Amino acid sequence: MTAAKVFAYQVELYLGAVLGWVDITADVQGDVTITRGQTGEGYRAERGRCTLRLDNLSRKYSPRDAAGSWYGLLGRNTPLRVKAGRLAGALVARFAGEVPAWPPSWNANGTVRYVDVEAVGVLQRSGQGEQPKDSAMRRAYRASGPVAYWPMEDGVSATQVGSEVSGLPPLLVSGPAPEFVAVADQTWSLTFRYGTGQVVDLKGGTSLTAAVPADVTAATAAAWTVAVNALTDYTMIPGDVVLVEVATPGGTFVRWQLVQTQSPYFGTQLFAYDAAGNRTTVLQDTGIASGFLQHEVSVWQDGATIRADYHAIASGSVAGTLTGIVAVSVNSDGQTSTGTMPFGHLAVWASASLPTAMRTYAIDSYGIGVYGPWASHWRETATDRLARLCAQEGLTVSMPAVPDFAVQRMGWQAPGTFAELLDACVEVDGGYLYEDRTALGLAYRPRDSLYNQTAVPIVYTGQLALTPPFAPVDDLDAVRNDVTVKRTDGSQVRLVQADGPLAAVPPPAGVGVYQTAPELNLLGDDQLGDQAGWRLHLGTVDRPRYPSLGVQLAAPAWQAAPAALDALLAVDTGDVLEVTGLPVWAAGDVRTLVTGYTETISEFLWSIAFTGVPALPYDVATADGDARVPMDGGTLATAVTAGGLSLSLASTAANGLWTTDPADFPLDLRVGEERVTVSGISGSSSPQTATVTARAVNGVSAAWPVGTEVDVWRPAVAAL
């Protein structure tokens with residue numbers, strides 16, 4: 001008898017704008033297997049994978065076969081997506097990725113031809129090749145869409161300054177060979193660390209010039225913005241400095257200069273020159289500030305008027321017609337300095353204003369002032385930084401909003417690869433980064449979103465598959481009882497667990513010392529204590545972990561509960577599962593925070609094996625919540641039988657007595673591994689007497705000896 005179909009799935013390929021998403025489900029042979037998230041031990045999310053076999057008798061899945069119907073449309077990294085669901089229900093997204101290769105296979109006479117496909121998630125891109133460790137400014141400028149950009153971060157022996165925009169010429173050197181220097185931190189009201197590597201030093205009178213191609217000239221015909229960063233200490237410079245010069249032949253003005261002048265005007269001025277060499281002052285800003293400053297000037301056509309703006313602090317206008325840029329230069333007059341005169345990050349945009357991402361300072365969504373790439377994004381929140389980095393790489397990232405009380409702010413963004421910079425954000429915030437299954441991109445679960453979740457239940461009898469093995473692991477892999485958190489370029493805080501079953505003392509009083517010493521890019525030393533405390537909490541929760549929770553959705557118990565099945569299919573990284581109805585001999589808290597899963601889908605069977613970590617550490621105290629202050633050191637003063645309804649509770653002098661306030665009851669206690677509900681506690685000295693109203697609330701029933709640990713069932717833990 002043929003088994004009845006109970007599931008449906010759909011596999012689609014994106015074949016360009018004309019064909020769009022094409023359904024190829026009919027060509028899939030056998031199962032579809034998907035792996036997502038963090039499916040093993042470790043910290044970083046893995047790239048997702050989707051494997052399936054496609055019938056290729058039609059030859060359309062052979063990209064190099066000119067007779068194939070999709071020749072020229074199918075190639076490397078062709079987008080693929082998978083949806084699946086109940087036969088009578090809606091299909092839900094299970095995977096979004098790309099197919100990097102189409103390896104053909106066939107039998108000896110060619111009557112069977114197929115392609116085994118392994119599509120991968122977007123994280124595979126960041127792991128390919130030698131990734132650049134770019135500065136904050138270089139990343140931001142490149143991502144801001146300039147039509148021309150020269151970072152000026154070349155090596156010490158460079159004889160030209162290379163372009164970051166493909167196809168553009170380098171800046172050519174005129175005058176003495178330039179040197180390349182690091183830009184020192186600048187101290188004003190605070191110490192600024194500029195977001196650049198070493199840049200070109202023009203102190204010897206060197207000029208740099210580049211012509212731009214015709215497409216740049218055409219793009220900038222009606223508006224342009226030019227920016228450059230420079231340190232021009234007027235106390236060491238004998239005269240004016242041309243910060244940037246722009247050539248626009250064919251218009252009313254053929255040349256524009258942004259100049260720092262000392263006499264007769266002390267400040268920054270924009271001059272426009274006509275073909276006869278006559279100069280017009282378009283705008284001026286009083287004063288010259290010290291430091292490696294970002295100077296930007298925008299010029300655009302407005303009717304018969306040309307308008308200009310400098311750094312959003314000075315503006316001006318002049319009658320005339322604007323034309324596009326044909327060349328740009330810095331220090332075109334060859335000014336010298338007795339000190340260093342570093343220049344860097346010359347960029348041109350075809351717009352009438354500086355891109356928002358390039359601002360030197362802005363108020364974020366929490367009402368706090370944050371510096372831009374010029375000052376290495378100082379004071380940015382970890383989640384905002386993660387989102388910005390993804391946007392700079394052209395990646396979408398879905399993320400719930402983070403309340404202001406939960407954000408962690410970061411310090412200067414150092415040069416690093418994209419993966420390293422993402423890791424730094426995740427380490428500071430403490431959430432989970434993974435690949436989105438609804439679209440080609442990333443998703444992030446901030447730490448705050450992991451707290452106090454309502455678990456999706458899996459009933460032990462009927463809904464839980466025992467293959468792969470369902471078994472608790474009580475090892476020491478995650479134990480960290482001696483935690484030192486260091487702030488990059490800052491101080492450190494060390495916290496050690498002194499008591500309890502996972503204390504950093506020799507057995508049997510503890511487990512010995514298990515150290516960790518992460519260095520975090522935090523904004524200030526005042527964050528260190530909370531960060532260390534949170535990590536110590538995560539590393540000393542005495543609960544077993546269940547590394548695998550398996551389900552077979554074709555089982556009758558799932559088929560009879562479609563709402564429960566749909567709820568399970570909605571579970572993704574960061575959600576919580578709980579196995580309910582455990583037998584009495586399977587003691588332990590099986591609430592698991594999901595970190596990833598592997599699933600195999602067909603029309604008849606659908607298995608999912610979830611991986612995860614204990615969810616208990618993320619149950620944190622809230623106002624008027626059911627978490628209680630832990631006792632820390634409470635024990636049974638006398639033994640209790642499995643059915644006993646009275647407990648004798650001993651407590652240490654250091655922690656005080658158990659509460660006797662009637663308003664605090666009922667109260668759930670953890671006696672060994674058993675959840676016990678008490679209606680009251682009496683006594684003014686240790687031991688005290690607790691009246692029990694329910695035993696084995698969690699399904700665990702046992703007799704407990706003298707000295708068994710007793711604590712509140714849900715201790716109040718302060719969230720990070």
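Which residue is the bridge partner of Y434 in β30? The partner is A443, and the legends below place this pair among other close-up views. The model is predicted, so local features need pLDDT of at least 70, side-chain atom pairs count only at pLDDT 80 or more, and totals for chains, interfaces and linings use all residues. Residues are numbered from 1 along each chain as its sequence is written, and side-chain values use heavy atoms, with hydrogens and water left out.

**View 1. An open sheet of three strands, in the order β28-β30-β29, has mixed pairing.** β28 (397-398) and β29 (432-435) stand at the edges with a single partner strand each, so one side of each is left without a neighbour in the sheet. Strands are DSSP runs of E with at least two residues, helices are runs of H or I with at least four residues, and both are numbered from the N terminus. Two strands pair if DSSP finds at least two bridges between them. Four bridges join β29 to strand β30 (residues 442-445) in the antiparallel sense.

**View 2. Strand β18 (residues 255-261) pairs with β17 and with β19.** Six of the seven residues of β18 are buried, where buried means under 20% relative accessible area, exposed means over 50%, and partly exposed lies in between (1.4 Å probe, protein chains only). Strand β17 (residues 241-247) runs antiparallel to β18 and is joined to it by six bridges; here A247 stands opposite R255. Seven bridges link β18 with strand β19 (residues 267-273), also in the antiparallel sense. In that pairing T261 stands opposite G267, and the two strands form a hairpin with five residues between them.

**View 3. Strand β25 (residues 342-349) is largely enclosed by the rest of the structure, because eight of its eight residues are buried.** Strand β9 (residues 148-150) pairs with β25 over three antiparallel bridges, and Y149 has A347 as its bridge partner. Strand β14 (residues 199-201) is antiparallel to β25 over two bridges, with D201 partnered by P342.

**View 4. T232 is found in the loop between β16 and β17.** T232 is buried, with a relative accessible area of 4%. The side chain of T232 makes a polar contact with the side chain of Q260 at 2.4 Å. A polar contact is a pair of N or O atoms within 3.5 Å; within protein, one must be able to donate a hydrogen and the other to accept it, and residues adjacent in sequence count only if both atoms are side-chain atoms. Not counting residues up to four places away in sequence, T232 touches residues including I237, I288 and F343; contact means heavy atoms within 4.5 Å.

**View 5. The largest nonpolar core has 51 residues, and those with the most contacts inside it are L13, L553 and F610.** Such a core is a set of buried Ala, Val, Leu, Ile, Met, Phe, Trp, Tyr and Cys residues joined through side-chain atoms within 4.5 Å. Strand β1 (residues 7-14) supplies the largest share of this core, four residues. Apart from this core lies another of 44 residues, among them V226, W256, V299 and M341.
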